[in-house]
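I opened this notebook to record what I looked up in one structure, entry by entry.

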Amino acid sequence: MCGIVGYCGFRKAEEVIISSLKRLEYRGYDSWGLAVRDGNELKIFRSVGNIGSADFTGHFSGNMGIGHTRWATHGKPSEKNAHPHTDCTGKLAVVHNGIISNFQTLKEELSDRGHVFRSDTDTEVIAHLIEENYSGDLKTAVIRAIKRLNGSYAIVAIHSEGESLVACRYKSPLILGVGDEELIIASDVPALLDYTNRVVYLDDGDVIELKKDGYSIWNGKETTRSVESIPWSIEDAEKGGYEHFMLKEIHEAPGVIENNLAEYVPRDIELDVSFAEEVDAITVVACGTSYHAGLVGRYVFENLAQIPVRVEYASEFVYGSFLQRNSLVMGITQSGETADTLEAMKRAKKMGSKVLAITNVLGSSATRVADYVIYSRAGPEISVAATKSFIAQLVVLYLIAIELSSIPLSEKRKLIDELKMLPGTVQSIFQYESEIASLSEWISEYENMMYVGRGYGYPVALEGALKMKEISYIHAEGYPAGELKHGPFALLGERTPVIAILIPDDSYSIMLSNIKEMKARDSPVIALADENDTEVEKYVDRVIRIPSTRSILAPITYSIVLQLLAYYTAKARGCEIDRPRNLAKSVTVE
Ligand code: AGP
C-alpha cells in the first residue's frame, strides 16, 4: 500500500524523503512523488514507476518536505494521479494514505465553488478543503478540513508560506520519528530507522504539527503521547547478503522461534493468558497468511486445549457473524494495520467479546483496538510474502494453546522441549535447499498446481499454495485432500502437479490412498514427507524430506519448505520476488 514520509530538520529534505521512500518500497507502489519547500516556493516532482536512482542534485534545496509512494485505488497509475496533490494556488500540497469514501460528493461541492481538479484521485479533495479553510494557519485549516472527511486517512500537508508540516491520521498508520533537531513522519517504521529509533505512535484523530524546534499533538485538545524505542536496527531491515528479503526472512525462522521462546519461555511458559482461561470458544479473525496461521491454531487449540475454534476471514466476519457468549476473539495480523482485520476486531468488541491481538508490530493499530496484546516477535518483515512472521504466529499460538491446555504438566514440558529443539530442526531443513531449488526449476514450467493435505497438513497446503501463486504467479490451489474428488479432480492431469503434505500421523494412510487416486489421474505428485518415511517413495514422483518433529509442530517445518519451494520457483520464472505485482505488504484499505 501507499507509503508516506514527511521531513522537517537540518538535512536536505529531498535526500531524506527519497531514501525513506525507498525503505517503504516493499509496501508496493506504482508511482511516487515529493514536494519540498524551497524558500517561499513549493517544488514538486511526480513520476510513474520506481524511484530507481532518482537524483535531484541542484533541483531542490529545502529542509522541509513530504513524499509518497502510491498504490492506485482511485484513478490509474499516472503522473497526474501520483501524490503530492496541490490546491488551486499551488502553494499547498498533501500526501495521503487511505480512502476518502465521500470524495465524490466533496468533489462536486468543491467544483461548484470553483475549485479545479487535475487528478482522478480522492486525495485531491483534501488539498482543496484545506485551501478553503486556510488563512495563514495550516494546523487550523487541516483540523477544519478533516471534519468533512469520511473513510480512512493518514495525511501530511505542507504550505509554501509556513514553517511547519501538519499531519493527521484516522484508521491509517502514521508514526513520528523524533531525532536530534529533526523530525520525520512516516507510515511505517523502516522509513525512520536511518535517522532515529525513538518514535511516537499517533492515535486516530491526532493532528500533529512538526516544526524544526519540536512538535505538538492535538486531538480535540493539546495532547501528549509517549516516545518509545524501536527494538529493530536498520540492519534488521536490510538484505544482509541475501539476494532477496524473502530468502533472508525464511532463513531467519530459527532465530524467530528462539526469540519467541526466550521471551515467553525463559524457564516455564511465562505468557500471561489468564484472560483466556475461562473462555468457552475462540474466534480467529485474520486475512491471508495470518488466516492460515489461525487455521493451524484451530487444530492445535481443539486438540490440545479442547476449546472450539472458529476461523473467519476478517473481511467476511463483518457480515452478520454471531459470537457465542464468552468467546475470545483473536485478531492475528503481522502488520497490525490490515483494515479488514481491524474492522473485524472492532466489531467483535462491539458485540461484547474480549479481543486479543497477535501482532508483530509494536504500537500498531491492532494493539490499540485490542483488550490484550501478544507480540509475535519476528522482527521487521520486508518482503511482501509473509514467511518468518507466519512462523512466529504459529509459535505464539502453540504457546497459548499449551498454556490453556489441561494435558499433564509432564506432557506440556515435552512439548515445550520439542519447541526448543525446533530452531535446530529448522536449520537442518536448509541442507536440502539446493534440492528444493532444482525441483523448483522443474515446477517453474507449469501454470497450474494443486496443494493437498489433511489435518495439520490442510492449512499448510493452503499456505503453500498462497505463497506459490503470490510470488511465482503460477495458479496454485490448496485443498483438503479428501475434497479433490468432489470437483477439483476434473483439473488433474499431467500438466497439473500436486504437492502432497504427508505428515506422519493418523492422516497418513488415507493421504497415501488419495495420492494413488491423483496418480491415477496422471498428475505428477511431489510429496513432502518425514525423513524417516520409508513408504512414500513407492507412491509419488518426487519426495522432499522434512526433518522429523512431532506432528503437531509439523506445520512449522513443512511450511518453511513450501516457502523455499515458492521462492525458488519464482526465481526460476524471473519474478520480482519481494514486491509481487498488484500486491502490498500492509493492506490498509477494506
Ligand atoms: C502473505 O504472504 C500476504 N502478504 C498476505 O496474505 C498477508 O498475510 C495478509 O495481507 C495479512 O496481513 P497481516 O498479517 O499484516 O494482517
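The entries below go through domains, sheet, single residues, cavities and pockets.

**Entry 1. Domains**

I note at the outset that this is a predicted model. I looked up how the chain is divided and found domain 1 (3-235), domain 2 (239-407) and domain 3 (430-576). I then turned to domain 2 and domain 3. Their centres, taken over C-alpha atoms, are separated by 25 Å. For the contacts, I recorded 27 residues of domain 2 against 23 residues of domain 3.

**Entry 2. The eight-stranded sheet**

I traced an open sheet of eight strands, and its order reads S3-S2-S4-S1-S10-S9-S11-S15. The pairing in this sheet is antiparallel. Which strands stand at the edges? I found strand S3 (41-48) and strand S15 (228-229) there. Each has a single partner strand, so one side of each is left without a neighbour in the sheet.

Strand S11 (residues 198-201) is joined to S15 by two bridges, and the two strands run antiparallel. Arg198 has Ser229 as its bridge partner in S15.

**Entry 3. A parallel pair**

I next examined strand S24 (residues 525-530) and S25, which run parallel and are joined by five bridges. Strand S25 covers residues 542-546, and I list it as mostly covered, with four of its five residues buried.

**Entry 4. Arg37**

I located Arg37 in strand S2 (residues 31-38), a strand that belongs to the eight-stranded sheet. Is Arg37 buried or exposed? Its relative accessible area is 13%, and the cut-off for buried is under 20%, so Arg37 counts as buried.

I listed its contacts, leaving aside neighbours within four places in sequence. Arg37 is in contact with Leu42, Gly62, Asn63 and Met64, and also with Ile158, His159, Ser160, Glu161, Gly162 and Glu163. I also looked up the spacing to Glu14, which is 23 residues apart from Arg37 along the chain; the C-alpha atoms of the two are separated by 9.9 Å.

**Entry 5. Glu182**

I found Glu182 in the loop between strand S9 (175-178) and strand S10 (183-186). Its relative accessibility is 5%, and Glu182 therefore counts as buried. Not counting residues up to four places away in sequence, Glu182 touches Tyr7, Cys8, Gly9, Phe10 and Arg11, together with Gly177 and Tyr195.

**Entry 6. Cavities**

How many cavities of 30 Å³ or more does the structure hold? I recorded three. The largest cavity has a volume of about 230 Å³. It is lined by 27 residues, of which Tyr26, Asp188, Val189, Ser335 and Val361 are the closest to its centre. I sorted this lining by class and noted 13 nonpolar, seven polar and seven charged residues. Domain 1 (3-235) and domain 2 (239-407) each contribute at least three residues to the lining of the largest cavity.

The second largest cavity has a volume of about 70 Å³. Among the residues that line it I noted His68, His74, His83 and His96, as well as Cys2 and Asp122. By class, the lining of the second largest cavity has two nonpolar, eight polar and two charged residues.

I then looked up the largest pocket, whose volume is about 490 Å³. Gly288, Thr289, Ala584, Lys585 and Val587 are the closest to its centre among the 27 residues that line it. At least two residues of this lining come from each of helix H7 (288-305), strand S18 (327-333), helix H9 (339-350), helix H11 (388-404) and helix H14 (457-472). The lining of the largest pocket comprises ten nonpolar, twelve polar and five charged residues. Domain 2 (239-407) and domain 3 (430-576) each supply at least three residues to it.

For the second largest pocket I noted a volume of about 360 Å³. Of its 22 lining residues, the closest to its centre are Trp232, Asn259, Arg377, Ala378 and Gly379. Helix H6 (residues 253-264) gives the largest share of this lining, four residues. I counted the classes as eleven nonpolar, five polar and six charged. Where does the second largest pocket lie? Domain 1 (3-235) and domain 2 (239-407) both give residues to its lining, so the second largest pocket lies between them.

Key. Residues are numbered from 1 along each chain as its sequence is written. This is a predicted model: local features need pLDDT of at least 70, side-chain atom pairs count only at pLDDT 80 or more; totals for chains, interfaces and linings use all residues. Side-chain values use heavy atoms; hydrogens and water are left out. Buried means under 20% relative accessible area, exposed over 50%, partly exposed in between (1.4 Å probe, protein chains only). Two strands pair if DSSP finds at least two bridges between them. On a 1 Å grid over the protein atoms alone, a cavity is a set of points where a 1.4 Å probe fits but cannot get out, and a pocket is an open set with protein on both sides within 12 Å along at least five of seven lines; lining residues have an atom within 4 Å of a point. Grid points are joined across faces, edges and corners, and a volume is the space filled by probe spheres set on the points. Ala, Val, Leu, Ile, Met, Phe, Trp, Tyr, Cys and Pro count as nonpolar, Asp, Glu, Lys and Arg as charged, and the others, Gly among them, as polar. Domain bounds come from an automatic or database domain assignment. Contact means heavy atoms within 4.5 Å.
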